[in-house]
Amino acid sequence: MSQSLEPQERDSLDIQLLVLDIDGTIAGESNTITEPVKQAIRRVQAKGIQVAIATGRMYCSALRFHRQVGSTLPILAYQGAWIQDPATETIHRHLSVSRARAEQLLDYFESDMLRSQLSVHFYINDQLYVREMTPETQRYAQRADIQPLSVGDLRQVLTNEPTKVLALCQDTTVIDQLFSRLRQQYTPAELYLTKSVATFFEATNPLVNKGEAVRYLAEDLLGLSAQNIMTIGDNFNDIEMLDYAGFGVAMGNAPLEVQAIAQWVAPSVEQDGVATAIEALIL
């Protein structure tokens, strides 16, 4: 873990917005926010610093955490592809994957080599559609507190463009190979590809990532600049927002590649690392 900043270093930070990831950052195995983390976030807000949620989760799945942290800002859901204000229900931004790209991905996921190994998720209008309910999908749905719709052939729901496409597999080697192959097949200008956890491969519109979502929230909606932002995250889908922010914090449970680009590394989520980071850097 990084050491606390010197008082003069801390005073030089002008943090006005704290952006938090959910899974692996404020919520660990228990799928809840612990009391020490909630209290630390409340103390941040008492100092006049605003708090926002940036997550790969669906908007409806992120709502519970948004309420628990007492945020008054829009939720940056689906890696930032869907930005919505719960108070007004205004959708500030929605960037989707084209139907053609979604069909190409589905063709690839359903190839003989992969079909039996992957659970494929299409997210359309904040609803999850799946071909069938697999054990992976059931675990995912339970944690996300959502009810997927099993539709057989996913092509029939592509009358609307998906916000996100997700492939799940408990074998992380399969996900790593999938990620590697598809990064060779698609440029960053065609699709944004990431892993939010080791067993999740995710694809969104190429203009989407959490860094761009935080930039949009900070600069376009709040009139802040990067140096006013602190972000805390734990995985590859957090890299862009850790990189964008004036101060990026990685969790102790983050992969080493993610820790390497952060300015500070907190203890793990199970050790209430966010509370420690807030105490050391903001309060």
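**Ground rules**

The model is predicted, so I keep to its cut-offs: local features need pLDDT of at least 70, side-chain atom pairs count only at pLDDT 80 or more, and totals for chains, interfaces and linings use all residues. Residues are numbered from 1 along each chain as its sequence is written, and side-chain values use heavy atoms, with hydrogens and water left out.

**Entry 1: the largest pocket**

I started with open space. A pocket here is an open set of points on a 1 Å grid over the protein atoms alone, where a 1.4 Å probe fits, with protein on both sides within 12 Å along at least five of seven lines. A cavity is a set of such points from which the probe cannot get out, and lining residues have an atom within 4 Å of a point. Points are joined across faces, edges and corners, and a volume is the space filled by probe spheres set on them.

The largest pocket holds about 760 Å³. I find 35 residues in its lining, and those nearest the centre are Asp 23, Arg 143, Ser 196, Val 197 and Phe 200. Which elements supply at least two residues each to this lining? They are α5 (135-144), β9 (164-168) and β11 (200-204). Elements are DSSP runs numbered from the N terminus: helices are H or I with at least four residues, strands are E with at least two. The largest share, five residues, comes from α5.

By type, I note eleven nonpolar, ten polar and 14 charged residues in the lining of the largest pocket.

Next I looked up the second largest pocket, which has a volume of about 270 Å³. It is lined by 16 residues, and Phe 179, Arg 183, Tyr 192, Leu 193 and Glu 240 are the closest to its centre. Two or more lining residues come from each of α6 (172-185), β10 (192-194) and α8 (239-244). β10 gives the largest share, three residues. The lining of this second pocket divides into ten nonpolar, three polar and three charged residues.

How many cavities of 30 Å³ or more does the whole structure have? My search turns up one. The largest cavity has a volume of about 50 Å³. Its lining is made of Leu 118, Ser 119, Val 120, Val 130, Arg 131, Glu 132, Thr 134, Thr 137 and Leu 154. Four of these are nonpolar, three polar and two charged.

**Entry 2: helix α5**

After α5 comes Asp 145, with a positive phi near 55°.

**Entry 3: two asparagines**

Asn 31 is not a glycine, yet its phi is positive, about 65°. I place Asn 31 in the loop between β1 (17-20) and α2 (35-46). It counts as buried because its relative accessibility is 12%. Asn 125 also has a positive phi, near 50°, and belongs to the loop between β6 (119-124) and β7 (127-130). Is Asn 125 buried or exposed? At 52% relative accessibility, it counts as exposed.

Ile 75 lies in strand β3 (75-77) and is buried, at 0% relative accessibility. Beyond its neighbours within four places in sequence, its contacts include Ile 53, Tyr 59, Trp 82 and Pro 86. Thr 55, in the loop between β2 (50-53) and α3, is buried at 1%. Among the residues Thr 55 touches, not counting those up to four places away in sequence, are Asp 21, Leu 76 and Lys 210.

Last, I searched the whole structure for disulfides (cysteine sulfur pairs within 2.5 Å) and found zero. Cys 60 is partly exposed at 33%, while Cys 169 is buried at 5%.

How values were computed:
Ala, Val, Leu, Ile, Met, Phe, Trp, Tyr, Cys and Pro count as nonpolar, Asp, Glu, Lys and Arg as charged, and the others, Gly among them, as polar. Buried means under 20% relative accessible area, exposed over 50%, partly exposed in between (1.4 Å probe, protein chains only). Contact means heavy atoms within 4.5 Å.
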